[in-house]
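Hi,

Here is the structure I promised to pass on to you. Have a look at it first, and then read on for my notes.

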Amino acid sequence: MAARAAAGAWVLVLSLWAAVVGSQNITARIGEPLVLNCKGARRKPPQQLEWKLNTGRTEAWKVLSPQGGPWDSVAHVLPNGSLFLPAVGIQDEGTFRCRATNRHGKEIKSNYRVRVYQTPGKPEIVDPASELTAGVPNKVGTCVSEGGYPAGTLSWHLDGKPLMPDGKGVAVKEQTRRHPETGLFSLQSELTVTLARGGAARPTFSCSFEPGLPKRKALHAAPIQPSVWEPVPLENVRLVVEPEGGTVAPGGSVTLTCEAPAQPPPEIHWVKDGVALSLPASPVLLLPKVRPQDQGTYSCVATYPSRELQESPAVSISIGETDEEGQTTGSVGGSGLGTLALALGTLVGLGIAALLIGIIVWRRRQRQGKQRKAPESQEEEEERAELNQAEEPETAESGTGGP
């Protein structure tokens, strides 16, 4: 029993293989007429033939007779025995078989494998990149092909060589959609590459549509040639404030300029007290009439094409008081860098003045001490002279009183 079952299976396989090998592949453009000849059929009626088809319009084999029927609008048998399809569609893909008996009584079979196609429009690269950055992933563009059948495939080329996704330097994101009514396909392929440093300054990228049927020509999109920028080491971003020090008179204006020496220049955004300001990107921030709520700490953030960010050191903006001459003398409601420098300068000046006053007082005291000592020594000398004068007469009297 097992041997018979195996033999039966082999017979079935061989018969199917013979049917496939003996069939003829036919490709037809969607919407165009198609004629399938029935070999061995007589040129004139009466015909002894039978057409059977198994397509997307049928659930099983459908038999068509030369006498016609309800399928005439889709397919009908011509007087010479050929099968005529006025306008083939996607549902007409399938197998067609004809069995005819010629005038000599010999039965002849014809097998056809029918496939349909629709050539899409020329592919196009949309949203092409005008500039790429070496060493980092870059989106090159999206290749689009619409209105084709069967789906086919899209492929990318760099300088004429195929680009294959490798998960490292080349990444492709594909999307396939089918129209619910026409059954035609739309394809999208988004290319992202990481170019090595030191490569071509303007590489050529192109994309092609490969049909899903053999012997159909590929379609090529117009190539693009973006420039390649190689980033240089980042220099420090510097924030310049005018007036210097960040202290401004009430109602005055302040200009903040963010200097980021790089080519191409980065996008500059502004931050106040650690919160990003909702302003368009600009290297200059102007505060025309500074109000108390404008006081605070400001910094700028540079965003480079490589997606790297760099923030400048922060500066403080404050409102200062003005004297009678209109000069800013101090800060109100904030302690900026200018106010701190002014306070430190005042303290240092006061210290130096106190030191000088101390030295002057000390020297004056020394001079007064010397002046007091000089008069006392003169009085002592005068007293001594008077004593000496008084002693001299007494000595003389004692001398005269002797014998």
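Let's begin with the largest nonpolar core, which has 26 residues. Those that touch the most other members are L34, L36, L49, W51, L83 and F96. Several strands give two or more residues to this core: strand 1 (24–29), strand 2 (34–36), strand 3 (49–55), strand 6 (83–85), strand 7 (94–101) and strand 8 (107–117). Leaving aside residues up to four places away in sequence, L34 touches I26, A28, L83, F84, L85, V88 and V114. Apart from this core lies another one, made of 21 residues, and V248, Y298, A302 and Y304 are among them.

Before going further, please keep in mind that this is a predicted model. As for the overall picture, the protein has 2 helices and 28 strands. It is 403 residues long, and 31% of them count as buried. If you take the contacts with a separation of 6 or more, 61% come from residues 24 or more positions apart. The exposed surface comes to about 26300 Å², with carbon and sulfur atoms supplying 54% of it.

Now for the charged pairs. How many salt bridges does a search of the whole structure find? The search gives 7. Here are three of them to look at:

- E107 and R99 meet through their side chains, at 3.8 Å from N to O. E107 is partly exposed, with a relative accessible area of 44%, and R99 is partly exposed too, at 39%.
- E190 pairs with K139, and their closest N and O atoms are 3.6 Å apart. This pair links distant parts of the chain, with E190 in strand 15 (residues 185–194) and K139 in strand 11 (residues 137–148), 51 residues apart. E190 counts as partly exposed at 26% relative accessibility, and K139 counts as partly exposed at 39%.
- E259 and R238 form a salt bridge through their side chains at 2.6 Å, N to O. They also link distant parts of the chain: E259 sits in strand 21 (residues 254–259) and R238 in strand 19 (residues 238–242), 21 residues apart. E259 is partly exposed at 33% relative accessibility, while R238 is partly exposed with a relative accessible area of 48%.

Two more spots deserve a click. Is S318 buried or exposed? S318 counts as buried because its relative accessibility is 1%, and the cut-off for buried is under 20%. What does the side chain of S318 make a polar contact with? Its partner is the side chain of T247, at 3.5 Å.

The other spot is on the surface, where I352, L355, L356 and I359 form a nonpolar patch. Together these four residues have about 390 Å² of accessible area. One of them, L355, lies in helix 2 (residues 337–400). L355 has a relative accessible area of 56%, so it counts as exposed, the cut-off for that being over 50%.

Cheers

Key: Residues numbered from 1 in each chain as written. Predicted model: local features only at pLDDT ≥ 70, side-chain atom pairs only at ≥ 80, totals over all residues. Heavy atoms only, no water. Helix = DSSP H or I, 4+ residues; strand = E, 2+ residues; numbered from the N terminus. Buried < 20%, exposed > 50% of the residue type's maximum accessible area, 1.4 Å probe, protein only. Contact = heavy atoms within 4.5 Å. Areas by Shrake-Rupley, 256 points an atom, 1.4 Å probe, with all protein chains shown as cover. Polar contact = N/O pair within 3.5 Å; in protein donor to acceptor, adjacent residues only side chain to side chain. Core = buried A, V, L, I, M, F, W, Y, C linked by side-chain atoms within 4.5 Å. Patch = residues over 30% accessible without salt bridge, like charges linked within 9 Å, V, L, I, M, F, W, Y side chains within 5 Å.
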